[in-house]
Amino acid sequence: MSQIAPQNIVILISGGGSNMAAIVKAAEQGGWQQRYGARIAAVISNKADAKGLLFAQQHGIATAVVDHKAFPSREAFDAELARVIDRFDPNGQPALVVLAGFMRILTPGFVDHYVDRLVNIHPSLLPAFPGLHTHQRAIDYGCKFAGVTVHRVTAELDHGEFLEQAVVPLLPDDTADTLAARVLTQEHIIYPRAVEKLLAAGR
């Protein structure tokens, strides 16, 4: 029986990392290591106090912090971030770099370095409402539906091939917070599913 080529995944977070946690749990429960040779090699944050780092550590996952405030430019930060990411793969080429609430706009050079290996989740039905404040904007526009999109990352913000989407109806009494909470439950379902599909297809 041929050995499955290893696929290392690096997840980037800035806060609580609930999507990261959903992916870690799916990997454990779904046997990604055995089925795809895939493992969560590291969780990296641009904030030392990101609570998601503790979750990762409790699950035996390596963690690292690259503080964006310590660098004079976005380019300098991204260069160091890429260096740290790549050291978590023996060949310096992780199979996937997963953005899970990573609140940084990445430079074109960084995106090019991980072309076809970089994925993100955005809390709207792209191409509607790229950027911030997506839930309030959906309410303000009188949308009947909102949702979430998993997509490949390109140099254009919240753009790239759609991998998964989920639709969430807007309720008459919705606030940005109540809508965000319902969308988040769908995020935790479709993000692990999208990542698993990429692993199964060899990206």
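**View 1. The largest pocket of this predicted model.** The volume of this pocket is about 960 Å³. Its lining comprises 36 residues. Nearest the centre lie G101, F102, M103, I121 and P123. Helix α1 (18-30), strand β5 (118-122), and helices α6 (134-140) and α7 (176-200) each contribute at least two lining residues. By type, the lining has 16 nonpolar, 15 polar and five charged residues.

**View 2. Strand β1, residues 7-13.** Seven of the seven residues here are buried, so β1 is largely enclosed by the rest of the structure. Side chains in a regular strand alternate between the two faces of the sheet. From β1, Q7, I9, I11 and I13 point one way. N8, V10 and L12 point the other way.

**View 3. The strands paired with β1.** Strand β2 (residues 38-45) pairs with β1 in the parallel sense, over seven bridges. N8 has R39 of β2 as its bridge partner. Strand β4 (residues 96-99) also pairs with β1 in the parallel sense, over four bridges. Here I11 is bridged to V98 of β4.

**View 4. The largest nonpolar core.** This core holds 40 residues. I9, I11 and W32 have the most contacts inside it. Helix α7 gives the most to this core: eight residues. Apart from this core lies another, of 22 residues, including I44, A64, L81 and Y114. In soluble globular proteins, nonpolar side chains tend to be buried together.

**View 5. The surroundings of I9.** Leaving aside residues up to four places away in sequence, I9 touches W32, A38, R39, I40, A41, A42, L96, V98, V195 and L199.

Definitions and conventions
Residues are numbered from 1 along each chain as its sequence is written. This is a predicted model: local features need pLDDT of at least 70, side-chain atom pairs count only at pLDDT 80 or more; totals for chains, interfaces and linings use all residues. Side-chain values use heavy atoms; hydrogens and water are left out. On a 1 Å grid over the protein atoms alone, a cavity is a set of points where a 1.4 Å probe fits but cannot get out, and a pocket is an open set with protein on both sides within 12 Å along at least five of seven lines; lining residues have an atom within 4 Å of a point. Grid points are joined across faces, edges and corners, and a volume is the space filled by probe spheres set on the points. Ala, Val, Leu, Ile, Met, Phe, Trp, Tyr, Cys and Pro count as nonpolar, Asp, Glu, Lys and Arg as charged, and the others, Gly among them, as polar. A nonpolar core is a set of buried Ala, Val, Leu, Ile, Met, Phe, Trp, Tyr and Cys residues joined through side-chain atoms within 4.5 Å. Buried means under 20% relative accessible area, exposed over 50%, partly exposed in between (1.4 Å probe, protein chains only). Contact means heavy atoms within 4.5 Å. Two strands pair if DSSP finds at least two bridges between them.
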